[in-house]
Amino acid sequence: MNLNDTIVACATKVSRQAISIIRLSGEQAIEIVNKLLIKKIDANNKMQVRKIYDGNDIIDESLILTFAQGKSFTGEVVVEIQCHGGILLTNKIIALLISHGARPALPGEFSQRAYLNGKINLLQAESINNLIDSKNELALKVSAMNLEGRNNKSLLIIKENLIDLISKIQTSIDYPDYDDVEGSSSEEISSELIILKNEVTKILEASKRFNFLNSGINTLILGETNVGKSSLLNSLISEEKAIVTDIEGTTRDIVEGQLNFENFTLNLIDTAGIRNTKDEVEKIGIEKSISLINSSNLILFVINKGKINNEIYEKIKDKKHIVVLNKSELLGVEETKEIKNKFPNLVSVSAINNDIKELIDKIEDEFNNDNLLEVEVPILSNAFHIEMFKNILTLLENSLNNIESGFTTDLINVDLYEILKILNNLLGIYDADEEVIDTIFRKYCLGK
Ligand SMILES: Nc1nc2c(ncn2[C@@H]2O[C@H](COP(=O)(O)OP(=O)(O)OP(=O)(O)O)[C@@H](O)[C@H]2O)c(=O)[nH]1
Ligand SMILES: [Mg+2]
């Protein structure tokens, strides 16, 4: 990849729409665009309407925005052409720009350049992606906060404390006779390390919780045949996705749906009802249902009066679950009470009438997490950053063990320097491993 090229891509989806935005970034951006114009654009004028030509033929009239070097998202000269949004037209303009010297951008290359030019750091770069991918409000808010740089501040504080510790140790190594450098005794170093370790643990815990909520809570709908599992799925996602009939064994394979709450997302899986059957296909479906128990985060155990499968209940009772009594509109108060004696926390629903409020409320109580917005530690929304923080934690634990085992402080500093390197990487202070950077940015949408 050549970083000196001028790159081009469509920043909006190439489809039939009112306007497409074609973005160019690089030294030659203005020169290349001017090749399609008779009346040239003036680099200092930010917004100009121009006719675009393919040879002598006018192909469009577009609004052209220019951003000077250092004043753009990528840090380079950027030109954005807002042309009329036909697929043919957009592709034609891009092809013309390429024929005049622009290179098609790789996915995420604009953001990558912004990173390489110091416009954003890795944490901010990732939050751009997360912002686009956010499924619920919480994810959106956290990504927006990260983009704004909330994480930087906390990381800078951790870094400051770390440097402080490193320099104390370094001073005591450099001046061995000066044996009372303040804060450099093993006990003092240990207690500083414990503070850092607690902070890093908090960050990892909050991040883990956030990612769990954001990537979706794997929710298995399980129960005997005909209890209304598929009806419940349909009611939850407000869509007739799964086939519902009164024939036992209607669902054979899994059917999936997604339900977004304000602050979290459920990945719902409707399964084949459990019963003894001779049907080979149904049998496979049932085995699949049971095999999903372990990988799910929540189980909706659906029952009806007289259709409570104790064998399954035994399998799921120690996992996070909600007992859902369906077809409750058919039951009298006494009958419901009787079932409640066995499952005191059950919720009653009537999927057929879309009366599922009790279940929705219970799920919200269980997983709502507004307070994640209030935690003061940074939330990492990216697996790569979480991995980096896990490395930091291991290094801190290493250092603590080494102190305890009586190793000299110069050995401790080796680990602390390693942590510093990781933090710098995240903050974009040193060049991170080029290969790693490439992998991160290739996940982006084209034009970003
Ligand atoms: N009265 C009543 N009937 C319901 C309710 N929910 C579902 N049913 C009916 O129960 C029957 C079975 O519904 P399904 O949703 O297919 O049940 P299932 O658990 O997915 O069944 P399998 O796929 O065979 O395991 C259908 O006739 C539904 O209309 C309910 O709340 N009340
Ligand atoms: Mg079904």
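## Close-up views of a predicted model

View 1. In strand β4, Glu-61 is the bridge partner of Lys-51. The model shown here and in the views that follow is predicted, and for that reason local features need a pLDDT of at least 70 and side-chain atom pairs count only at pLDDT 80 or more, while totals for chains, interfaces and linings use all residues. Residues are numbered from 1 along each chain as its sequence is written, chains are lettered from A and ligands numbered from 1 in the order in which they are written, and side-chain values use heavy atoms, with hydrogens and water left out. Helices (DSSP runs of H or I, at least four residues) and strands (DSSP runs of E, at least two) are numbered from the N terminus. Strands β3 and β4 (residues 57-67) run antiparallel and are joined by 8 bridges. In general, the strands of a sheet pair through backbone hydrogen bonds, either parallel or antiparallel.

View 2. Six strands form an open sheet in the order β3-β4-β5-β2-β1-β6, with mixed pairing, where two strands count as paired if DSSP finds at least two bridges between them. At the edges lie β3 (47-54) and β6 (103-104), each of which pairs on one side only. Helix α3 (residues 109-116) packs on this sheet and touches β1 (7-10), β2 (19-25) and β6, a contact being heavy atoms within 4.5 Å. The direction of α3 makes about 135 degrees with that of β1; the axes are lines fitted to C-alpha atoms, for helices over the stretch in contact, and angles run from 0 to 180 degrees between N-to-C directions. Of the 8 residues of α3, 7 are buried, namely Glu-109, Phe-110, Ser-111, Gln-112, Arg-113, Ala-114 and Tyr-115. Here buried means under 20% relative accessible area, exposed means over 50%, and partly exposed lies in between (1.4 Å probe, protein chains only). Just after α3, Gly-118 takes a positive phi of about 75 degrees.

View 3. Rolling a probe the size of a water molecule over the atoms shows where empty space is left. On a 1 Å grid over the protein atoms alone, a cavity is a set of points where a 1.4 Å probe fits but cannot get out, a pocket is an open set with protein on both sides within 12 Å along at least five of seven lines, and lining residues have an atom within 4 Å of a point. Grid points are joined across faces, edges and corners, and a volume is the space filled by probe spheres set on the points. Among the residues that line the largest cavity are Ile-158, Leu-196, Phe-389 and Ile-419. The elements that give two or more residues to this lining are α6 (150-174), α7 (186-215), α13 (383-404) and α14 (409-427), and α13 gives the most, with 3 residues. The lining of the largest cavity comprises 9 nonpolar, no polar and no charged residues, where Ala, Val, Leu, Ile, Met, Phe, Trp, Tyr, Cys and Pro count as nonpolar, Asp, Glu, Lys and Arg as charged, and the others, Gly among them, as polar.

**View 4. Helix α8 and the largest pocket.** The largest pocket has a volume of about 500 Å³, and of the 30 residues that line this pocket, Gly-228, Lys-229, Ser-230, Ser-231 and Val-244 are the closest to its centre. Helix α8 (residues 229-237) is mostly covered, with 8 of its 9 residues buried. The buried residues of α8 pack against β7 (217-223), β8 (255-260), β9 (265-270), β10 (298-303), β11 (321-325) and α12 (357-367).

**View 5. Two residues with a positive phi.** Most residues other than glycine have a negative phi, and most peptide bonds are trans. Ser-238, in the loop between α8 and β8, has a positive phi near 50 degrees although it is a residue other than glycine, and Ser-238 is exposed, with a relative accessible area of 66%. Lys-327, in the loop between β11 and α11 (333-342), has a positive phi of about 60 degrees, although it is not a glycine either. At 31% relative accessibility, Lys-327 counts as partly exposed.
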